[in-house]
Amino acid sequence: MTDEGIDLKDVMAVSDDLVRGLRAELHARWDAWDLDLTKPYLHEVIGGLMARQVTLATQLAQAPSAWNGHVAPLILRAMTDAYITLSWILRDPENRTDSYVKYGLGQRKLWLEHFKAALAEKGEKEPAENTIVKAITEKLNAQRFEYLTEVSVGTWSERSTRQMAEEAGCLDFYRMAYTPLSTAVHNMWTHIADYNLRRCRNPLHQFHRVPEDPDLKPDIDYVYRAAKYVAKTFDLFDRETGVSVDTPSSFDSFVSALRHLIGDVPADSADPVGDL
């Protein structure tokens, strides 16, 4: 979805409107959600994951140098992961938000112990007095006393992402978006072959591939997909919490602005589950 005749400033104006709209939608939902202060983690985890989606989308929208197959898939893959995580948590929010928080704190404690051990190996006599150690310990203690924090191995949900997606009813999203985007995150052959190798022009070399770092033109289609994932996240939140807001859909406004500016958006017929 590119056009040589379109000024980047005009595209960025549309992206900037998207950023403002997504942030407005996020705050509108938070303000409309009835909070139960006896269950702070429930609201913090769900609200935080929703905010994370907005952050990833807005950061991408404001960085046209990242609108390409090198970088954008890394952000979009993180968004698919956050969506699946939120979908699964919302099936049993009280228990699953608690597990999510405890596992995260446990991983921070584990890193802290490794860091202190590394300091000791380097000869630091009082690792506990290290500035970084003290700062991380303070963060842990602010939520749960560090010495009471349990460290778990494996995954926080005790399930694979695929299993979470299946149980949350979004297996198609896992198959059609999460899995292909993972090729970029994990540097798989299919991604490397597509983006970091080219055919040698010397026929005597049997047209083998040689490494390259190609410059790619910005493609706002990646921003479109990020905006679509946030809209999908908002719809999930509204459906599962019963929250209703009057704030206009920033995704719909974004699509309308793109049609006016570019004259085209990705066709739904090319996207069998509406999630790519």
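This is a predicted model: local features need pLDDT of at least 70, side-chain atom pairs count only at pLDDT 80 or more; totals for chains, interfaces and linings use all residues.
The protein chain contains ten helices and two strands. Read along the sequence, the elements follow the order α-α-α-α-α-α-α-α-β-β-α-α. Of the 276 residues in the protein chain, 42% are buried. Contacts reach across the sequence. Among those between residues at least 6 apart, 74% join residues at least 24 apart. The chain exposes about 15700 Å². Carbon and sulfur atoms supply 50% of this area.

Nonpolar packing was examined next. In soluble globular proteins, nonpolar side chains tend to be buried together. Here the largest nonpolar core has 67 residues. The residues with the most contacts inside this core are Ile46, Leu60, Leu76, Met79, Ile84, Ile220 and Phe254. Helix α9 gives the most to the core, with eleven residues. Nonpolar side chains also occur on the surface, where Trp30, Leu35 and Leu37 form a patch. Together these three residues have about 330 Å² of accessible area. Leu37 is found in the loop between α1 and α2. The relative accessible area of Leu37 is 73%, over the 50% cut-off, so the residue counts as exposed.

A search of the whole structure finds twelve salt bridges. Three of these pairs are described here: Asp238 with Arg29, Glu94 with Lys39, and Lys102 with Asp98.

The side chains of Asp238 and Arg29 meet with an N to O distance of 2.9 Å. This pair links distant parts of the chain, 209 residues apart. Asp238 belongs to helix α9 (residues 221–241), and Arg29 to helix α1 (residues 8–32). Asp238 has a relative accessible area of 17%, under the 20% cut-off, and is therefore buried. Arg29 is also buried, at 5% relative accessibility.

The salt bridge between Glu94 and Lys39 has an N to O distance of 2.8 Å. Glu94 lies in helix α4 (residues 93–121), whereas Lys39 lies in the loop between α1 and α2, so the pair ties together parts that are 55 residues apart in sequence. Glu94 is partly exposed, at 48% relative accessibility. Lys39 is partly exposed as well, at 32%. Both values fall between the cut-offs of 20% and 50%, which means that neither residue counts as buried or as exposed.

Lys102 is partly exposed, with a relative accessibility of 40%. Asp98 is partly exposed too, with a relative accessible area of 29%. Elsewhere, salt bridges that share partners join Glu25, Arg29 and Asp238 into one network.

The Asp238 and Arg29 pair links helices α9 and α1, and the Glu94 and Lys39 pair ties helix α4 to a loop.

Key. Residues are numbered from 1 along each chain as its sequence is written. Side-chain values use heavy atoms; hydrogens and water are left out. A salt bridge is a side-chain nitrogen of Lys or Arg within 4 Å of a carboxyl oxygen of Asp or Glu. Helices (H or I, at least four residues) and strands (E, at least two) are DSSP runs, numbered from the N terminus. Buried means under 20% relative accessible area, exposed over 50%, partly exposed in between (1.4 Å probe, protein chains only). A nonpolar core is a set of buried Ala, Val, Leu, Ile, Met, Phe, Trp, Tyr and Cys residues joined through side-chain atoms within 4.5 Å. Patches are made of residues with over 30% relative accessible area and no salt bridge: like charges are joined within 9 Å, nonpolar side chains (Val, Leu, Ile, Met, Phe, Trp, Tyr) within 5 Å. Accessible areas come from the Shrake-Rupley method with a 1.4 Å probe; for residues, only the protein chains shown count as cover. Contact means heavy atoms within 4.5 Å.
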